[in-house]
Each structure stands twice: as C-alpha cells, then as structure tokens.
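Subject: Handing over a structure, with notes

Dear colleague,

I am passing a structure on to you, and below it you will find my notes on what came out of it. Please read them with the structure open beside you.

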Amino acid sequence: MSTVIGGVDYGPLFQLIGMWRGDKGLDVAPEPDGDDKHAYYDEIEFTPAGAAENAEEQNLVCVKYHQLVRKRNNGRVFHDQIGHWIYEPATGMVVHSLSIPRAVAVLAGGTMNQNGKETVFQVEATAGSHTFGILQSPFMLEKAKTTGFSMRLRIEGDELSYEETTSLDIYGRSVEHTDACKLQRVIYDYD
C-alpha cells in the first residue's frame, strides 16, 4: 500500500487517515468525592495536513484531527478536541499536539514502534517542560492543574485503540483522569 497522498509520504501516519467510530469508551474522571465513570461514544476524523520544513533542516509530515466524545446515556458531547499528529521520518519522532476548550493545550512527544502488523504510537508531556509540555489558563492552573499527559495509540488495519492518562491536581489531591476506547474505521477517502 502506498503511503503517498498528493505527493507527500505520510509514513506511519497514513494508517490514521479516515473517520473512526467507537461505542465502548470509558472515561474515569475525578470528582470531589471520588471518581465518576462515563461510558462514551467516540468519533475521530483524521485528514492529511501535508509536509512542513523547519529551518531548512527538519522535515515533518502531519495529519490533523477532530475528536468528539458523547456520553452513551444521553448522547451529549462532553469532550471536543482538535490537534495534529506529526512524524519526523529522519528520527522516528512522533509529536501529538492537542487543545481542548477548557483552555488547555498539550504538546506531547515520543516514539512509534511496529509490533508485527500493529503500529504503536506512545507520547507524553509534563507541565513545566520546555519541550513536550502543557499550557493552561490561570483558572485551570489554580483549580484543575494538568501536571502530566501520556497516550498510547495502537492501530492495526481498520481497528484503532487508545489509552490516555491525564494527571491532575484537583479537589485538593493528585489524581489520574483516564480514557480508553476501541474504534473502527468507517470511512477512508484518501487513495
């Protein structure tokens, strides 16, 4: 299978392109008196975003995405996220940039590994890092500070799954907010 679209070789990011849907997501979020669990529907659309060159030295390829997460019990959107997955062919570095409309932005970095037919992207970010870090509004820093983020995304054929952990200082304690889902590719338009 060619990984080239419009003259750009997307390498391992090519596998992400398309519309994905899953109905077995689980969100475990902190509440003042413990954890709250929500089953969710997940929809992610990845589209080609092209190539980029930095300082005539670094060459990158990129796909952009939009993710909508809806509670299974009522269908309401409770998470809306946009971002990019970026790959540097020369080094194998993977970067995941994302923002959510709670005034939080993350730039996470890591690696891509091939395990047989499965591709695994692993990225993380830490608050205060000058490279792969987290930015947030003054309110979030005071009330719900994000201190870390990690994500493992696996893809094999038309099946994608992810597990992500957001470390937070909230409600007077340090907690981990986790999300996990398995999705199927339902549309692929980029031949």
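The term to have in hand from the start is pLDDT, which is the predictor's confidence in each residue, on a scale from 0 to 100. This is a predicted model, in which local features need pLDDT of at least 70 and side-chain atom pairs count only at pLDDT 80 or more, while totals for chains, interfaces and linings use all residues. Residues are numbered from 1 along each chain as its sequence is written, and side-chain values use heavy atoms, with hydrogens and water left out.

Confidence

The protein chain has a mean pLDDT of 94, and 97% of its residues reach 70 or more. Helices (H or I, at least four residues) and strands (E, at least two) are DSSP runs, numbered from the N terminus. Within the chain, confidence is lowest in strand β1 (residues 4-5), with a mean of 91, and highest in strand β9 (residues 118-126), at 98.

Strand pairing

Two strands are said to pair if DSSP finds at least two bridges between them. Strand β3 (residues 18-31) pairs with β4 in the antiparallel sense over 12 bridges, and these two strands form a hairpin with 2 residues between them. Along this pairing, Arg 21 has Glu 43 in β4 as its bridge partner, and Gly 22 stands opposite Asp 42. Asp 42 also stands opposite Val 69 in β5, and β4 and β5 run antiparallel, joined by 14 bridges. β3 pairs with β13 as well, again antiparallel, over 6 bridges, and there Val 28 stands opposite Thr 178.

Turns with positive phi

Most residues other than glycine have a negative phi, and most peptide bonds are trans. The hairpin of β4 and β5 has 3 residues between its strands, and Ala 55 in the turn has a positive phi of about 55 degrees. Glu 56, which is not a glycine, also has a positive phi of about 55 degrees, and Glu 56 is found in the loop between β4 (34-54) and β5 (58-71). For accessibility, buried means under 20% relative accessible area, exposed over 50%, and partly exposed in between (1.4 Å probe, protein chains only). With a relative accessible area of 72%, Glu 56 is therefore exposed. Tyr 171, in the loop between β12 and β13 (173-187), has a positive phi of about 55 degrees although it is not a glycine, and because its relative accessible area is 41%, Tyr 171 is partly exposed.

A buried threonine

Thr 146 lies in strand β11 (residues 144-156), and its relative accessibility is 5%, so Thr 146 counts as buried. Leaving aside residues up to four places away in sequence, Thr 146 touches Val 104, Ala 127, Ile 134, Gln 136, Thr 166, Ser 167 and Leu 168, where contact means heavy atoms within 4.5 Å. Leu 135 is 11 residues from Thr 146 in sequence, and their C-alpha atoms are 8.5 Å apart in space.

Pocket and cavity

On a 1 Å grid over the protein atoms alone, a cavity is a set of points where a 1.4 Å probe fits but cannot get out, and a pocket is an open set with protein on both sides within 12 Å along at least five of seven lines; lining residues have an atom within 4 Å of a point. Grid points are joined across faces, edges and corners, and a volume is the space filled by probe spheres set on the points.

The largest pocket holds about 710 Å³ of space. It is lined by 30 residues, of which His 79, Ile 100, Arg 102, Leu 168 and His 177 are the closest to its centre. Strand β12 (residues 159-170) gives the largest share of this lining, with 5 residues.

The count comes to 1 cavity of 30 Å³ or more, and the largest cavity has a volume of about 80 Å³. Its lining includes Ile 44, Phe 46, Tyr 65, Trp 85, His 96 and Glu 164, and β4, β5, β6 (77-88), β11 and β12 each supply at least two of the lining residues.

With best regards
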